[in-house]
Amino acid sequence: MAKILDDLSRTFSEYLLIPRLTRKEHLPKNVSLVTPVASHKVGEASRLSLNIPVVSASMQAVAGTEMGIALARQGGVAFVFCSQSIESQAAMIAKIKSHKAGFVRSDSNVKPSATLQDLLDIMKKTGHSTVAVTEDGSNTGRFMGIITDKDFWEFEDDLNSKVQGYMTPKDKVIHGLVGITLKEANHLLYKHKKEALPVLEADGRLNSLVFKKDYVDHINNPLELLDSRKRLVAAAGINTHDYKERVPALVEAGVDVLSFDSSDGFSEFQKEASLWVKERFGDKVIVGGGNVVSAEGFRYLVEEAKLDFVKVGIGGGSICITREQKGIGRGQASALMEVVEERNRYAREKGVYVPICSDGGLANDTQIIIAMAMGADFVMMGRYFAMTDESPTPRVSIKGRIYKPYWGEGSNRARNWQRYVDDQASSRLHFEEGVDGYVPVVGSVNEVLGLTLEKMRASMCNLGSITLAEFTQNAVLTLVSEQSIEEGGTSNIIQVESKFDDDK
């Protein structure tokens with residue numbers, strides 16, 4: 001007969017944290033949110049750590065190029081969705097990697113003989129206002145000069161005119177030579193009050209560009225997550241079907257972190273795919289997976305599949321209906337606590353620490369904090385980021401309010417057949433594990449995430465903690481009753497109606 005667990009399936013909303021002694025050094029400005037994302041020997045550093053414990057879900061309505069750039073600049077990563085062609089996903093990763101490199105390969109170039117209309121088309125396509133002029137129009141051709149949108153007037157100048165008549169020629173362009181450091185390049189930009197610095201090979205060919213805006217971005221985003229070449233760290237979701245073709249293309253594009261995207265990752269399919277990636281790419285790329293909700297699932301993915309991190313959670317997402325459709329899953333708090341306990345046991349036995357990602361079941365900032373206190377190394381969220389300006393979906397107006405579409409990867413709309421059916425020739429999803437809806441637009445990633453992290457730092461100080469490891473170690477949690485939840489809210493007052501309330 002079936003085995004029945006003694007514990008209840010509990011959620012984050014059923015717990016509160018008990019304050020610990022706050023000492024004078026426990027100030028938000030002293031708190032570090034750095035957290036490992038790759039398995040490592042106990043006592044040693046992870047080969048990659050996030051600067052904040054937050055990543056985005058690998059979903060069509062959440063994680064595209066803009067999200068990848070925005071989240072990496074804040075210190076986390078966005079897992080670019082895999083329910084698309086290999087070519088388009090790899091292109092997204094390549095764009096994230098090229099966005100912030102210090103020395104940037106130019107992707108906007110023209111010949112001197114090109115027309116202003118040709119130039120304008122390139123500017124509108126790329127969004128760039130500065131374009132390098134090379135002899136052959138390539139990004140490695142002999143450098144001839146620079147032209148910007150300030151050098152001509154779109155509605156006054158003859159757009160059939162040649163670029164060479166408007167550009168700043170090479171002999172009047174401040175430039176550097178290959179070998180110059182980023183600090184030296186930025187100093188030249190400052191000294192000569194320029195927006196862009198071409199960096200040339202000894203023979204005069206264009207090598208790269210350095211932009212003032214990148215320096216400003218770095219100052220404004222001190223936690224940005226960079227690789228050894230000062231490029232943004234990029235992450236991508238993968239599946240267990242086309243990984244032999246998809247993973248090499250993503251690695252070639254520069255991906256740093258991969259994660260298997262599956263509602264239930266406790267499978268031989270994930271083991272086989274993970275071992276294939278590990279055999280061919282070794283430590284060149286970090287590989288995580290899941291999802292699991294038990295100690296048994298965690299052990300399998302760590303010991304058999306050799307994953308670098310494990311995602312916990314089935315059916316807890318706001319648009320996920322796996323529990324309803326298939327009857328599998330577990331309350332997110334119960335699942336996380338069991339897996340954390342097994343992770344700690346594994347670390348004692350093997351001397352290896354495996355980071356855990358709590359995926360789903362997070363309805364607000366408080367629950368993110370509770371998940372971290374329970375031992376998650378980082379959290380993965382979908383709806384949270386779907387509501388931001390940087391999510392890839394268009395804005396729509398409903399009853400005077402602005403929303404964005406949001407749908408699950410298990411929905412018909414995502415058409416992500418490979419995660420749910422064995423017959424790859426099938427063109428129809430037999431049942432859905434996700435729904436399709438709308439979420440309100442709340443602002444930029446920077447604004448929304450900034451507030452969440454402020455709350456997290458404040459809570460950590462209340463528990464006498466400067467690091468996330470201390471936070472988990474110091475955490476004391478208590479179960480709450482329905483009455484205590486009511487007590488914790490507003491009561492016995494007439495509350496001012498919010499301007500954000502739905503129209504009645």
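User: Between which two elements does the loop that holds Met59 lie?

Analyst: Met59 sits in the loop between β5 (54-56) and α1 (65-74). Those labels come from DSSP runs, numbered from the N terminus: helices are H or I with at least four residues, and strands are E with at least two. One heads-up: this is a predicted model, where local features need pLDDT of at least 70, side-chain atom pairs count only at pLDDT 80 or more, and totals for chains, interfaces and linings use all residues. Residues are numbered from 1 along each chain as its sequence is written, and side-chain values use heavy atoms, leaving out hydrogens and water.

User: Is Met59 buried or exposed?

Analyst: Buried means under 20% relative accessible area, exposed over 50%, and partly exposed in between (1.4 Å probe, protein chains only). Met59 has 7%, so it's buried. Met59 and Gly382 are 7.2 Å apart in space, C-alpha to C-alpha, though 323 residues apart in sequence.

User: Why is strand β8 described as largely enclosed?

Analyst: Because five of the five residues of β8 (residues 130-134) are buried. Thr130, Ala132 and Thr134 cover one side, with Val131 and Val133 on the other.

User: Which strands pair with β8, and in what sense?

Analyst: Two strands pair if DSSP finds at least two bridges between them. Strand β7 (residues 109-110) runs parallel to β8 over two bridges, and Asn109 has Ala132 as its bridge partner. Strand β9 (residues 143-148) is antiparallel to β8, joined by five bridges. There, Ala132 stands opposite Ile146.
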